[in-house]
Amino acid sequence: MSYSVKFKYTDECFVYPKLIAAVNTLCVKKGKDCLCTSGYRSLAKQRLINAQSLAQRKSQGAYQKSDGSVYTPDGKCWAAAYGKSNHCYCIAMDITDSWFQSLTNAELKKYGLVKPMSYEPWHVQLLKHNGISQKQKEAIRDSVLKGEGKDMDVKIFQSMTGLKADGIAGPVTKAKAKEVLQCCQEILGNNFKSAEEVIKATQSNPGIWLGVIKTLKYFDRFVMNIVNKMGGCT
Ligand SMILES: [Zn+2]
């Protein structure tokens with residue numbers, strides 16, 4: 001039996017992979033699953049969350065400041081300003097399961113984890129991210145969103161896509177990978193159906209992939225692997 005964290009909202013699963021891995025290790029050790037009710041928050045998601053917060057409490061006199069933050073009439077911050085939360089930088093997860101909320105920092109330390117705010121016992125981060133600069137946070141966010149870092153494994157892929165994270169690439173996981181791949185190809189705009197289509201397209205219009213080589217870290221190595229397999233570029 002394998003235990004792991006699942007994301008409630010798949011659009012929030014873009015979290016620093018080592019944080020997900022640390023939470024999964026904790027789950028296995030405790031023999032319990034848990035649910036991440038909030039992970040990465042994009043600007044669009046923050047706008048939505050803050051608008052909902054405002055709507056919920058508007059009748060009680062809640063108001064929104066120009067930085068996006070929402071306040072209750074007695075001056076309590078109900079929703080943080082845009083870009084202020086560590087959730088915007090892919091380095092925080094909210095896990096609301098009661099067993100998780102009752103864990104102390106002394107316990108979490110063994111897993112490289114910490115709850116930086118005592119009044120938010122659901123909010124967890126990696127210890128090593130304590131005190132990092134705004135610039136470092138932005139760099140982490142950019143690398144996570146670009147899918148960089150070599151820490152993605154089967155288990156993390158399963159967590160991110162809402163599957164049972166047992167680390168085994170069985171039929172369900174493979175089916176999900178195909179589904180995701182299809183979606184990635186649609187996003188990238190090169191939804192080729194056969195190798196022949198790919199070769200024809202790149203030969204007649206090399207510009208299709210010249211840009212991708214610059215933006216996708218692994219892509220040049222991937223191309224060179226093919227060239228090496230062929231024994232040169234003929
Ligand atoms: Zn949080």
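1. Across the domain boundary, 7 residues of domain 1 touch 6 residues of domain 2, contact here being heavy atoms within 4.5 Å. Keep in mind that this is a predicted model, where local features need pLDDT of at least 70 and side-chain atom pairs pLDDT 80 or more, while totals for chains, interfaces and linings use all residues. Numbering runs from 1 along each chain as its sequence is written, and side-chain values use heavy atoms, with hydrogens and water left out.

2. As for the bounds, domain 1 covers 5-168 and domain 2 covers 172-229; such bounds come from an automatic or database domain assignment. The C-alpha centres of domain 1 and domain 2 are 31 Å apart.

3. Back to the interface: domain 1 and domain 2 bury about 570 Å² between them, with 72% of that on carbon and sulfur atoms. Buried area is the accessible area (1.4 Å probe) lost when two parts are put together, summed over both. On the domain 1 side, the residues touching domain 2 are 4 nonpolar, 2 polar and 1 charged (Ala, Val, Leu, Ile, Met, Phe, Trp, Tyr, Cys and Pro count as nonpolar, Asp, Glu, Lys and Arg as charged, the others, Gly among them, as polar).

4. What about salt bridges, meaning a side-chain nitrogen of Lys or Arg within 4 Å of a carboxyl oxygen of Asp or Glu? The rule finds 0 across the interface of domain 1 and domain 2, and the overall count is 9. Helices (H or I, at least four residues) and strands (E, at least two) are DSSP runs, numbered from the N terminus.

5. Now the metal. His87 (NE2), Asp94 (OD) and His123 (ND1) coordinate the zinc ion at 2.0 to 2.1 Å. Donors are N, O and S atoms within 2.8 Å of the metal (3.2 Å for Na, K and Ca); water is not among the atoms, so sites may look incomplete. Along the chain, the donor spacing reads H-x6-D-x28-H. His87 lies in the loop between strand S5 (77-79) and strand S6 (93-95) and His123 in strand S8 (residues 123-126), so the pair ties together parts 36 residues apart in sequence.
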